Amino acid sequence: MQKKYDLYKKKYEIYDSLFSENNMDGILSIAENSLNNPIFILDTSYHIITRSALAKAENSSIETHNGENYLLFDTIGLMKKNKCIDTIYNTDNSFFHYSDQNLIFCSIRVNNVSVGYIGVLQSKREFKEEDLELTNVLSKVLSIQLPKENLFLSNSGLDEEYYLIDLLINNIDNINYIKNRLLYINFTLNKNLILLSIPFKQKYKDYRHNFGLKELIKRLKNIFGNCIFTYYKEMIVFLISNDNTDVINASIKEKLLEFLKLNNLKCGTSIVFNNLLDIKDFFYQSIYALDLSSHVKIDSNLIYFEDYMEYYLFHICQNTNNDLHKINLSTLVHPWINNLNKFDNENNTELFLTLKTYFENNRNANDASSKLKIHRSTFFYRFHKIQSLLGISLDNSNNLFKLELSFKISNYIKLMNNNI
């Protein structure tokens, strides 16, 4: 009888902590007093959102990166191998998991969507059967408290959301670390990337009931193929990756435009990029594409930042409040320039120098040939090679402007670095 009373008292204290404490630290402190073991709260990307006092001293399976705590890759791999993750998300109740370390796991559900889970580590004392009941109670309490504190940035229940949101809001300084983390979701990180942002205000905070948003995302994923998404700053944000220089090819563009028109949506796109370390700048490129097209009253459903690059520079100069996110100048260099440099390095050619000299000589082929000390026919051979490689026409004044602006930005960066 006393045992039942003690269990009831512990359950009551955890339930009551929702009102008596009304904060995560307080709730976990009371739960830890009952469980007498470290408690970890994780999202679906294995990011440790918060942990109890005892858990803060347990770091054997944890790594810290840019101030954020994550499970070690080896631990994640072991959990997947043992199908532990599947069990977490396929059951409503807590369960024991005995492996290299003994743990209790329990999913945290918000409106029947799993947004994360609890991990209790057997450390201070051995587990008891009643610990499962206490963990179930803690799960219910956290399903109410977590949305209050916005610790989970979205609640679709799709783990890929947390990976992309992590890239967008946290500072990244190790590309290999990011690549390793992305191995655990259904997304292939190829050499070319692009970010798309689609303004969409949710009618419901609960993703489960927001059928419109769910359907939009489902259909867009079918159009893009290899991609991950998140909902951030009232935008549906997609990161798309493939090996083609033209990430959004003609077929994808046609389907996307039709979809955007049918749903009365607009989409801002960044320049194609290769380095995930710069992802924040490319996200803001997609945002500025939308803003700038609105300012200059261009009515289009699909808006490319590269078409408004000079407007962005003018916009930054005019802004006196210093409240805009300033994009790193290096990310404004068009990928065409990077492609030329890469081709030259791999093939021992001088296409970059040829085009640069052409611009420096007022786009005059004869003068450029003389400066390069090559025959005029050799110059035109290189000129046509550049067009073929980049898949563009150099008779197009808009293409020439993009290239020339990129050369000037590159030159400016070089001059500034030399003066440091």
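A salt bridge here is a side-chain nitrogen of Lys or Arg within 4 Å of a carboxyl oxygen of Asp or Glu. The views below come from a predicted model.

**View 1. Glu306 and Lys402 form a salt bridge.** The closest N and O atoms of Glu306 and Lys402 are 2.7 Å apart. That distance falls within the 4 Å limit, so the pair counts as a salt bridge. Between domain 2 and domain 3, the count is 2 salt bridges.

**View 2. The chain is assigned three domains.** Domain 1 covers residues 1-149. Domain 2 runs over 159-322. Domain 3 spans 335-418. Taken over C-alpha atoms, the centres of domain 2 and domain 3 are separated by 30 Å.

**View 3. Domain 2 meets domain 3.** Here, 9 residues of domain 2 are in contact with 8 residues of domain 3. About 660 Å² of area is buried between domain 2 and domain 3. Carbon and sulfur atoms give 62% of that area.

**View 4. Polar contacts link domain 2 and domain 3.** There are 2 residue pairs in polar contact between these domains, with both residues at pLDDT 80 or more. On the side of domain 2 that touches domain 3, the residues divide into 4 nonpolar, 1 polar and 4 charged.

**View 5. Residues 353-409 carry a UniProt annotation.** The unreviewed UniProt entry places the feature "domain: PucR C-terminal helix-turn-helix" at these residues. In the model, the span 353-409 is 77% helix and 0% strand. The end C-alpha atoms of residues 353-409 lie 15 Å apart.

Conventions. Residues are numbered from 1 along each chain as its sequence is written. This is a predicted model: local features need pLDDT of at least 70, side-chain atom pairs count only at pLDDT 80 or more; totals for chains, interfaces and linings use all residues. Side-chain values use heavy atoms; hydrogens and water are left out. Domain bounds come from an automatic or database domain assignment. Contact means heavy atoms within 4.5 Å. Buried area is the accessible area (1.4 Å probe) that two parts lose on being put together, summed over both. A polar contact is a pair of N or O atoms within 3.5 Å; within protein, one must be able to donate a hydrogen and the other to accept it, and residues adjacent in sequence count only if both atoms are side-chain atoms. Ala, Val, Leu, Ile, Met, Phe, Trp, Tyr, Cys and Pro count as nonpolar, Asp, Glu, Lys and Arg as charged, and the others, Gly among them, as polar. UniProt positions are given in the numbering used here, feature names are shortened, and annotations may be inferred rather than shown by experiment. Helices (H or I, at least four residues) and strands (E, at least two) are DSSP runs, numbered from the N terminus.
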